[in-house]
Amino acid sequence: MSKHSDVLVIGAGIIGLTAAWRAALRGLSVTVLDPTPRDGASMAAAGMLAAVCEADFGEPELAAMNVDSAARWPGFAAQLESASGVDVGLRRTGTLTLAFDPDDLAETRRLIDLQHRWGLVSEEISTAQARRISPLVGRVAGGAWMPDDHQVDPRATTRALDAAARAAGAVVVERRAVRLTSASGRVVGAVDAAGVEQTADLVVVAAGVSSTGLLATAGIHAPLRPVKGITLRLAAEPWFDVEPVVRARVQGRAVYAVTRVADESGFREVVIGASSDEKPDDRRVEAGSVFALLRDARAVLPGIDELDLREASPRVRPSAPDNLPYLDASVDGLLVATGHGRNGILLTPLTGAVVDATLDETDLPDVVAPAMTNRHTRTLTEEVS
């Protein structure tokens, strides 16, 4: 059996659904393969659009991609909300970064210096200034303010993408892709778990950690490692009015709290995260991880003690060895869009622009040049020579 579509997308997370929507908007026939749509890393993500906060030593290319994509978010959100009728929760809140002790503050200052050298906007603030931004801040040594780092609701965004893609004609098939199929050096489709050969003019691989095995069936080396994270979702009464995103360093450990807009009952969702362990997607919620997240979050926001714990969400993030995503259309008939790691939500609009360029047969955005799948092989070759 076989079925042909103009575009076959493998993976129905936020990246795959973005690809499906962009293709369907052009009137192309689109099939999406995923055994459990909308149940991957996006379900656990907090939705921090933190291009400045995420800037880290040794990752200038990733920082450039993050900054580019953050600038695309307002236009992307407006178009998606218009197409789907779903509010994606984009809020310009800024980000408050807190340092628990003097050592944490010293590291925060190192990062601020790096951010300034890269032309990013951040400023060191005192504890008193932090409390003026958010009165619920506890005993900390100081912090920083990043006015350009905001937030979006990943679950709402994924729902919106699913609705927009389906409304434009995309068909979601709840089956796993087993292998890619090729002919004359061109990727021409995939075989799904039911044995159906899904052929297409363009195949988009956005299958998270599973992408590595799929791409290997077409001779493409794109290693990904599963980085498991757990986020907690709590419900807060109106008094918990922490408006900006709060990120913190507590004795060298990273933690964050993202507060959503209040719902009809007056409660606000607060997302706390995220643990980070290199292990498979076992969907287990380890007690130690929950304890560590709450311990560090309450150290900087003591009011968290009073909130209701509603959900713990374990998922893995697909991460490449160098933490860059794979955004590559160099193989005929194939677009690789995976490996976004901890920046999947932030990088969604830039990935959408890569899909647009591929479909329109124009050049990919210059900023994604380092995201080719052959970068690891090229590096090894250069080292040998």
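The model is predicted, so I kept to its cut-offs: local features need pLDDT of at least 70, side-chain atom pairs count only at pLDDT 80 or more, and totals for chains, interfaces and linings use all residues. Residues are numbered from 1 along each chain as its sequence is written, and side-chain values use heavy atoms, with hydrogens and water left out.

**Ring pairs.** I took rings of Phe, Tyr and Trp (for Trp the six-membered ring) as paired if their centres lie within 6.5 Å, with planes under 30 degrees apart counted as stacked, over 60 as edge-to-face and the rest as tilted. By this rule I count three aromatic pairs. One of them joins Trp-21 and Phe-76 edge-to-face, at 5.8 Å centre to centre and with 80° between the planes. This pair links distant parts of the chain, since Trp-21 belongs to helix H1 (residues 14-25) and Phe-76 to helix H2 (residues 60-84), 55 residues apart. For Trp-73 and Phe-76 I find ring centres 5.3 Å apart and planes at 80°, so this pair is edge-to-face. Trp-73 and Phe-76 both sit in helix H2, three residues apart, which is about one turn of the helix.

**Burial.** I noted Trp-21 and Phe-76 as buried, and Trp-73 and Phe-76 are both buried; the term means under 20% relative accessible area, against over 50% for exposed and partly exposed in between, with a 1.4 Å probe and protein chains only. Over the chain, buried residues make up 54% of the 385 residues.

**Charges over rings.** I counted a charge as over a ring if NZ of Lys or CZ of Arg is within 6 Å of the ring centre and within 35 degrees of the ring normal. Arg-22 lies over the face of Trp-21, at 4.7 Å from the ring centre, and Arg-310 lies over the face of Phe-267, at 5.8 Å from the ring centre.

**Whole chain.** I find nine helices and 18 strands, taken as DSSP runs numbered from the N terminus (helices H or I, at least four residues; strands E, at least two). Among contacts (heavy atoms within 4.5 Å) between residues at least 6 apart in sequence, 75% join residues at least 24 apart. Along the principal axes, the C-alpha atoms fill a box of roughly 65 × 55 × 40 Å.
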